[in-house]
Amino acid sequence: MTSATAQQTTNAQTTARRRAATPDGLGLIHPIACERAEGHLLWDVEGNRYYDFCGGIGVLNVGHNHPKVVQAVKDQADKFLHTCFHVAMYDGYISLAEKLNNLVPIDGPCKTALFNSGAEAGENAVKICRMATKRTGVVGFERAFHGRTLLGMTLTGKTKPYSAGMGPFAPEVYRLPVKPFFASHRRHTDAEVERMAKDALDNLFAYHIEPENVACVMIEPVLGEGGFYPAHCVAMKILRETCAQHGILFIADEVQSGFGRCGANFAIERYEIEPDMVAMAKSMGDGLPISAVTARSEIMDSLHVGAIGGTYGGNPLACAAALAVLDVMKDERLPERALKIGEKVMALFFELEKTYDFIGDVRGLGAMCAFEVVLPGTMTPDPDRCGKILAAARDKGLLIMRASGNVVRTLMPLTIPDEDLDDALRILKESVAAVA
Ligand code: PLP
């Protein structure tokens with residue numbers, strides 16, 4: 001048998017090879033093959049240049065190949081690639097843990113354990129909370145996304161495409177409704193939200209699981225894959241208070257919303273709420289696979305030796321990248337930049353909402369912004385027209401993606417200069433006009 005040649009010439013050829021060699025279950029957002037990328041730009045194998053508003057699905061807050069990250073990884077590669085932190089320790093892991101312990105918005109001494117992916121961070125967060133509380137129940141939300149492992153997909157509050165047909169699922173997972181906690185400030189008064197959130201929690205504890213058996217609640221401050229819904233600040237406060245009242249640990253899943261994206265180091269800071277634990281990944285490594293769980297020391301120390309860890313967690317190259325990311329985030333004031341980017345993006349999205357009857361809700365926090373594409377004059381999702389907007393944008397040189405079928409979302413590198421941001425937004429505006 002002859003194997004396919006490694007040479008890639010066109011996007012179509014690469015797509016055909018991909019279809020033949022990899023399973024259909026691996027989704028593909030844009031049928032282009034990357035040749036190189038830099039900052040907020042990506043070039044395909046045909047030489048087309050794109051503004052990248054996908055950022056590898058929220059991984060590239062500091063941009064593709066940030067020179068400081070690349071240099072840090074090269075320097076580490078010259079020393080050693082791997083020891084396994086359990087075999088022989090190294091400074092990068094410990095320095096990164098020290099920095100994250102100080103960075104998370106949690107009072108008191110913290111500790112950090114490193115893993116490889118967002119799903120692994122979530123899984124380990126739950127393990128640690130169960131051991132710390134000696135309870136088994138875990139509460140998540142409708143529309144949440146926490147990854148594709150067994151516990152991750154069980155906690156994920158959407159059946160298709162994430163869990164349908166893949167049961168049985170992990171036990172002791174309970175779900176709160178999305179509406180009270182992610183209600184729109186534009187459509188509901190604070191008093192309404194307070195009543196809805198309290199009712200939902202009362203209902204959970206009365207009919208599903210008693211609070212004394214709940215170890216933790218896991219919440220994305222802004223639902224990512226679920227459609228870019230920022231949590232409502234009143235509901236967040238009620239959730240926080242309820243957790244404190246019953247000894248339930250509050251986990252902020254900051255995998256997509258963290259590292260400056262929402263206008264603060266972590267999105268939860270925008271709510272002025274102190275979580276008990278933060279799960280993070282994605283933009284932490286600028287593309288190198290790394291994730292983390294950080295919480296107060298007494299929580300993190302509630303496991304026996306060997307209960308957490310792994311062969312690759314906190315790999316030296318990934319730690320070097322993450323340490324550089326933290327420096328860049330601070331030096332280039334990326335959380336502040338996210339606020340400025342968000343203002344520009346939301347101004348366009350509100351304009352689109354006023355202009356077109358097929359643009360539904362507009363929402364966002366910092367530079368995590370979105371608009372819905374709906375059937376004209378209704379709230380009914382229109383994934384077809386949404387797909388046409390994405391295709392039109394790609395043809396004009398902008399890679400942008402959707403969440404939950406009909407929601408156009410922005411995950412551009414926060415390092416994008418104003419001039420290119422304006423040009424990319426012009427393309428998006430024209431792409432929406434093109435499908436009107
Ligand atoms: N949690 C959130 C909020 C996410 O957005 C994602 C991925 O999109 C995950 C967890 C899972 O991360 P990973 O794909 O790295 O396992």
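This is a predicted model: local features need pLDDT of at least 70, side-chain atom pairs count only at pLDDT 80 or more; totals for chains, interfaces and linings use all residues.

Setting aside residues up to four places away in sequence, Cys129 touches Ala215, Cys216, Leu249, Ile251 and Met277. Is Cys129 buried or exposed? Its relative accessible area is 0%, so Cys129 is buried. For a sense of distance, Met329 is 200 residues from Cys129 along the chain, and their C-alpha atoms are separated by 29 Å.

Now the nonpolar interior. As a general point, nonpolar side chains in soluble globular proteins tend to be buried together. Here the largest nonpolar core has 136 residues. The residues with the most contacts inside that core are Leu96, Phe181, Met277, Met284, Phe349 and Phe371. Which helix gives this core its largest share? That is helix α11, residues 316-331, with 11 residues.

Phe371 is worth a look on your screens. Leaving out residues up to four places away in sequence, its contacts include Phe349, Leu352, Ile359, Val362 and Ile389. Asp361 and Asn406 are also among the residues that Phe371 touches.

Met166 belongs to the loop between α6 (150-155) and β6 (173-176). Its relative accessibility is 40%, so Met166 counts as partly exposed.

Next, two histidines. His40 is in the loop between β1 (34-38) and β2 (41-44), and His66 is in the loop between α2 (55-58) and α3 (67-79). His40 counts as buried because its relative accessibility is 9%. His66 counts as buried too, at 9% relative accessibility. Which side chain does the side chain of His40 meet in a polar contact? It is that of Asp420, at 2.7 Å. Beyond its neighbours within four places in sequence, His40 is also in contact with residues including Tyr50, Tyr51 and Pro413. For His66, the side-chain polar contact is with Glu332, at 2.8 Å. With neighbours within four places left aside, His66 is in contact with Asp286, Val328 and Glu332.

Last, the charged pairs. How many salt bridges does the structure hold? The count is 23. One of them joins Arg409 and Glu225, at 2.9 Å from N to O. This pair links distant parts of the chain, 184 residues apart: Arg409 is in strand β15 (residues 407-409), and Glu225 is in the loop between β7 (214-219) and α9 (233-246). Arg409 is buried, with a relative accessible area of 1%. Glu225 is buried as well, at 14%.

A second pair is Arg240 with Asp276, whose closest N and O atoms are 3.1 Å apart. Arg240 lies in helix α9 and Asp276 in the loop between β8 (249-253) and β9 (277-280), so the pair ties together parts that are 36 residues apart in sequence. Both Arg240 and Asp276 are buried.

There is also a network: salt bridges that share partners join Arg186, Arg187, Glu353, Asp361, Arg363 and Glu372. Finally, Glu38 forms a salt bridge with Arg36, with the closest N and O atoms 4.0 Å apart. Arg36 is partly exposed, at 44% relative accessible area.

Technical notes. Residues are numbered from 1 along each chain as its sequence is written. Side-chain values use heavy atoms; hydrogens and water are left out. A nonpolar core is a set of buried Ala, Val, Leu, Ile, Met, Phe, Trp, Tyr and Cys residues joined through side-chain atoms within 4.5 Å. Buried means under 20% relative accessible area, exposed over 50%, partly exposed in between (1.4 Å probe, protein chains only). Helices (H or I, at least four residues) and strands (E, at least two) are DSSP runs, numbered from the N terminus. Contact means heavy atoms within 4.5 Å. A polar contact is a pair of N or O atoms within 3.5 Å; within protein, one must be able to donate a hydrogen and the other to accept it, and residues adjacent in sequence count only if both atoms are side-chain atoms. A salt bridge is a side-chain nitrogen of Lys or Arg within 4 Å of a carboxyl oxygen of Asp or Glu.
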